[in-house]
Amino acid sequence: MLTEMDIKTVVIGGGPVSSLIVLKPAKQDEKEPLSLPIRIGSVEATAISMGVNPENSARPMTHDLLKSVMESLGGHLCSVIINDVSGTTFYAQLDLVNADGRQVLVDCRPSDAIALAVRCGVPLFAEQSVLDVAGMPDFGAIEEQEHDQEIQDFHEFVEGLSPDDFNVTDGGDNTPQK
């Protein structure tokens, strides 16, 4: 089973700090928010960021070139699938249609697949088995849910207050204390 994913965060590290891309399901499960962190190289993180926030470059970058070559040959990218994980190594496939209209799956690194997907505007999917093994709770979404619940609880508490709730007695005569 495939789950459509969105890019939540791209962290471009340097030196001892790793670069990272964090994906999240496009339709998040309200009860169990999930994220899929994938460690990538800083060059790859930059390539993805450049695809997400395109800047006019004087010359095409590698992923722009690959897109142009595919289209020049009459093919196009349909989607990207993160299809496996082994330890900390993730695997992906480009789901292509060639000039003859045949589907072709091409093995590639997830970072390259994602960089190409953002340039082509195609969906990104993850196999359920990958999410089962490498998915993590989306702590930011969980924190936001808890905050929203606290606000709702407080709102309900305030709505349920009456003026009598503010009358304080000394214990015997129901006369408000000063």
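Helices (H or I, at least four residues) and strands (E, at least two) are DSSP runs, numbered from the N terminus. The model shown is predicted, so local features need pLDDT of at least 70 and side-chain atom pairs count only at pLDDT 80 or more, while totals for chains, interfaces and linings use all residues. Residues are numbered from 1 along each chain as its sequence is written, and side-chain values use heavy atoms, with hydrogens and water left out.

Figure 1. Read from the N terminus on, the elements follow the order β-β-β-α-α-β-β-β-α-β-α-β-α. The protein has 178 residues, of which 29% count as buried. Buried means under 20% relative accessible area, exposed over 50%, and partly exposed in between (1.4 Å probe, protein chains only). A contact means heavy atoms within 4.5 Å. Among contacts between residues at least 6 apart in sequence, 53% join residues at least 24 apart.

**Figure 2. Helix α3 and the residue just after it.** Eight of the eleven residues of α3 are buried, so this helix is largely enclosed by the rest of the structure. The buried residues are P110, S111, A113, I114, A115, L116, A117 and R119. Just after α3, G121 has a positive phi of about 65°.

**Figure 3. The largest pocket has a volume of about 160 Å³.** Pockets are found on a 1 Å grid over the protein atoms alone: a cavity is a set of points where a 1.4 Å probe fits but cannot get out, whereas a pocket is an open set with protein on both sides within 12 Å along at least five of seven lines. Lining residues have an atom within 4 Å of a point. Grid points are joined across faces, edges and corners, and a volume is the space filled by probe spheres set on the points. The lining consists of V43, E44, T46, A47, M50, M61, T62, H63, R109, D112 and R119. Two or more lining residues come from each of α1 (42–52), α2 (62–72) and α3 (110–120). Helix α1 gives the most, with five residues. By class, four lining residues are nonpolar, three are polar and four are charged. Here Ala, Val, Leu, Ile, Met, Phe, Trp, Tyr, Cys and Pro count as nonpolar, Asp, Glu, Lys and Arg as charged, and the others, Gly among them, as polar.

**Figure 4. R109 takes part in a network of salt bridges with E44 and D112.** A salt bridge is a side-chain nitrogen of Lys or Arg within 4 Å of a carboxyl oxygen of Asp or Glu. The whole structure has four of them. R109 and E44 meet through their side chains at 3.1 Å, N to O. R109 lies in the loop between β6 (103–108) and α3, and E44 lies in helix α1, so this pair ties together parts that are 65 residues apart in sequence. The side chains of R109 and D112 also form a salt bridge, at 3.0 Å, N to O. R109 is partly exposed at 43% relative accessibility, and D112 is partly exposed at 24%. E44 is buried, with a relative accessible area of 17%.

**Figure 5. D64 and R119 form a salt bridge.** Their closest N and O atoms are 2.8 Å apart. The pair links distant parts of the chain, with D64 in helix α2 and R119 in helix α3, 55 residues apart. D64 is partly exposed at 26% relative accessibility, whereas R119 is buried, with a relative accessible area of 14%.

**Figure 6. A45 is a buried residue of helix α1.** Its relative accessibility is 0%. Leaving aside neighbours within four places in sequence, A45 is in contact with V10, V11, I12, S19 and I40. A45 and V10 are 35 residues apart in sequence, but their C-alpha atoms are 6.5 Å apart in space.

**Figure 7. Strands β5 (residues 89–97) and β6 run antiparallel.** Two strands pair if DSSP finds at least two bridges between them, and six bridges join β5 to β6. A92 stands opposite C108 in β6. The hairpin has five residues between the strands, and G101 in this hairpin takes a positive phi near 85°. D100 is also found in the loop between β5 and β6. At 67% relative accessibility, D100 counts as exposed. D100 and G75 are 25 residues apart in sequence and 8.2 Å apart in space, C-alpha to C-alpha.
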